[in-house]
Amino acid sequence: MTLSGQNEFLGRHIGPRGNDVEEMLQVVGVSSLDQLIEETVPRSIRRPDGLQLPAAESESGYLKRLKSIAAKNRILRSYIGLGYYGTLTPSVILRTIFENPSWYTPYTPYQAEIAQGRLEALLNFQTVVEDLTGMPVANASLLDEATAAAEAMTMLHRAQARAKKSANVFLVSDKCFAQTLAVLRSRAEPLGIELRSAAPDEWTFAEDVFGALIQMPDDDGRVFDMSELISRAHEAHVLIAVATDLLALTLIKPPGEMGADAVVGNSQRFGVPMGFGGPHAAFFAAREEHVRQIPGRIIGVSVDAHGNTAYRMALQTREQHIRREKATSNICTAQALLATMAGMYAVYHGPEGLKEIARRVHNQTATLAGALKELGFEQVNHGFFDTLKIAASPEESAAVRKAALEAGINFRYFDDGYIGISLDETVTDGDVGDIAQVFASVAGRSDFRFNPDGLVGNAHYSEELERSSAFLAHPVFHAHRSELEMMRYIKKLERKDVGLDTSMIPLGSCTMKLTAATEMIPVSWPEFGAIHPFAPADQVQGYQQVFDELNRALCEITGFAGVSLQPNSGAQGEFAGLMVIRAYHQHRGEGHRNTVLIPSSAHGTNPASAVMAGMKVVVVACDDDGNVDVADLRSKAGQHAENLSALMITYPSTHGVFEEAIREICEIIHAKGGQVYMDGANLNAQVGLTSPALIGADVCHMNLHKTFAIPHGGGGPGMGPIAVAEHLVEFLPGHPLADVGGEHAMPAVSAAPRGSASVTLISHAYICMLGADGLREATRYAILNANYLRARLSEHYGVLYANDKGRVAHEAIFDLREFKTSGVTEEDVAKRLMDYGFHAPTVSWPVVGTMMIEPTESEPKQELDRFCEALVAIRAEIQEIVDGKADPVDNVLKNAPHTQFSVASDEWKHPYSRQKAAYPLSFVRESKFWPSIGRVDNPHGDRNLFCSCPPHPGDPGVRH
């Protein structure tokens, strides 16, 4: 682990080193790291040999090699559209958000007091979506447009459960994007929803129809008034979702004003690079009566303990953990970093700037339409915003394609010969001239001269469609026009949050490890960022090499035969894996197998995903040691043998232990004809030591944002690719617009063929720079760090689960329930940790009244010691309450966190000192982090739901 030599990155990635390791091993009670692994990982499942992967690359060597790979991608001017567009990311946003660890390393903002910055940024995003769509409430982003459309379908189905109990038909416009229709199919079929695709003017709203989806602008690029159609639907008690484009809505009447019940889409063109498909922040807005059914996260406004405005995640914050199989969705994270960028793009440009961009795009499109008409080509969209559809014979289309490629341009080519052209904000008059010249060459018009000034007419949509309502009136969208003001605003928000750049984030089951700067750098390269997801295959050979190398590595690590990179979150990976199992059973004529066994300790998304996949959930008990109760499993597997589809199991368990009986558990399921799905949430404790295949699983998902270093981004992006055994490869997800998936592929689960393709570069870099030995060492040190914390803290807090040698895997659960009789809760401990400068561990999961701590391999001994000192000091503070030395209500725990304003105020009525409140240990003085607000009043926020930028008193025109 030297800083030079063959594996320099290993020494940079792993925290403990030198004498620190010896001291840690002594505290743990072992003579060597080998002994600790021997006592932690069951010998029966250990790899007999090392990973067969290429040797580790140096950081500089990797970047040099990747540059040569990136050069194999050809950056053409892509005017393909289909929900993905060129965009100009403001440099201040690229530099201070996208490339800034203060924004990309924080976790989902469950601990609101140390997340006010990104909560405000996400509230900005929600306000943008609400204003532009004309809807009263929006969430803080979803995974992609197709997923958002599928969530709208299921939300409307739930909303109609009483009024139209037997209705199961969802109408879909035949002009929806093909990728959206594919994802709708994958989500509808297991739920018994029938999709009917037809032109909206041919729809009949029969009794069995509960909802419908319209795309506007549609797949052809046509814009049209939906008001009459939506009115007819409502008369028949049918609810309408609309997929739309935010930039178009700056000029065009929003769906909310036409009566839509839900509005979805992609915010990508608001400053987020295409990235060959992602990550991007989808948006989801709805009518207020549906607010408690909206999937994902909603940021709301509340107050803190001092009465100050405070932001928080509202309503369904921990829905999957609480409601499990009854949850409205399996969405537990989204695309927070990209939503922040899109929201800041609107802050940067303001309403006038957004309108100006939209007008320029529309005018250039109209100019191009005029030029093509002059050249004799028919443009068939009578109303359009940014997209033209050109009539052409197959021969003309082929000639245009050839000429366009020679000019470095990609268009969209329909099967029937039509040509689609979608313009965006990157387009210059010169680009429009180049496009026109392509068509001129095909028309044989060598005399043609493009004149950008002589062809622009009026808006190319009806007057009734012109937007008249104002939007983005809040001061935040008017106050930051100069780059200096913008930079200061972003930095002001940044300083309110705790990320890995501040201190350790010890969240159990979240694996908050280092995302190295070298891993992040290539994501900003235009060779990867400027690629359209539906660009021709011969233009993306660089990406294909990265995918091939990553797939081979993930197959080697998991022991499986095939990988799909399509799922763009862990929960999507769960759904995809279960749907592959479902397809396997159906292919074998055993489609009746629809029962899934899930341990009671499972992550809440497991049962939620199982229900989405059309399965019936049967809960398996866990014993007093936190392990699966094998006798109960055997009994229930036998009871449900005829219909047994799968077991979902996390390994190591959600209780943080390698279960000795795991192979027996898998054999019980296989003996009854079922498959074993392994949740990869804890894969960081397996890599290089064991594998999902070795334990007996058939399929697993991998959280690339945990084990393989993609940052959490304050609540996304994430990636949840699945790996499967040989017999399941043929069922891997396909895609209507790309050659991916198996021979009998299930429908797509994400809008883009490889999900959030650009961030796979991060995991590729992580694996290449660690190599086989480095990956194994990362796992071993993750286990060492967890056992070191367990050993140091076990004298002060009860450790809930460990194996028979007292060892934990990569995380440990500490019991706080004994303090409840003295009035101290796990929430009090979580908030008090903020005063010491730390984010709380995972609280009350998987066991209520506990905290689960996962340090990861990246944290050095010094940081682990500071964290332990903080928790030991808090334990002493709890004891003061237990012994009656501290007031049971007015104490440092109940009043935590303490803000700078409260500590510095003239009045201090508490029985403890200001120093004890703010500087409880000496190390806190060195780099004090001040929470910007006091403890948030969560019930107040839910009782008084407000989910857009709060009005400033006296500001005219601000929404209230």
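User: Is Cys-868 buried or exposed?

Analyst: This is a predicted model. The general idea is that a residue counts as buried when its relative accessible area is under 20%. Cys-868 has a relative accessible area of 0%, so Cys-868 is buried.

User: How many disulfides are there, and where is the cysteine sulfur nearest to Cys-868?

Analyst: A disulfide is a pair of cysteine sulfur atoms within 2.5 Å. By this rule the count is 0 disulfides. For Cys-868, which is in no disulfide, the nearest cysteine sulfur belongs to Cys-510 and lies 19 Å away. Cys-947 is likewise in no disulfide, the nearest cysteine sulfur being that of Cys-949, 11 Å away. With a relative accessible area of 8%, Cys-947 is buried.

User: Turning to helix packing, at what angle do α19 and α20 pack?

Analyst: Helix α19, residues 570-587, packs against helix α20, residues 605-612, at an angle of about 45 degrees, and their axes are 9 Å apart. Angles under 35 degrees would count as roughly parallel and 65 to 115 as roughly perpendicular, and α19 and α20 are therefore oblique to each other. The crossing in which α19 passes α20 is right-handed.

User: Which residues meet where α19 contacts α20?

Analyst: From α19 come Ala-571, Glu-574, Phe-575 and Leu-578, which meet Thr-605, Asn-606, Ser-609, Ala-610 and Met-612 in α20. By residue class, the contact of α19 with α20 comprises 5 nonpolar, 3 polar and 1 charged.

Notes
Residues are numbered from 1 along each chain as its sequence is written. This is a predicted model: local features need pLDDT of at least 70, side-chain atom pairs count only at pLDDT 80 or more; totals for chains, interfaces and linings use all residues. Side-chain values use heavy atoms; hydrogens and water are left out. Buried means under 20% relative accessible area, exposed over 50%, partly exposed in between (1.4 Å probe, protein chains only). Axes are lines fitted to C-alpha atoms, for helices over the stretch in contact, and angles run from 0 to 180 degrees between N-to-C directions. Helices (H or I, at least four residues) and strands (E, at least two) are DSSP runs, numbered from the N terminus. Angles under 35 degrees count as roughly parallel, over 145 as roughly antiparallel, 65 to 115 as roughly perpendicular and the rest as oblique. A crossing is left-handed if the near helix is turned anticlockwise from the far one by less than a right angle, and right-handed if clockwise. Contact means heavy atoms within 4.5 Å. Ala, Val, Leu, Ile, Met, Phe, Trp, Tyr, Cys and Pro count as nonpolar, Asp, Glu, Lys and Arg as charged, and the others, Gly among them, as polar.
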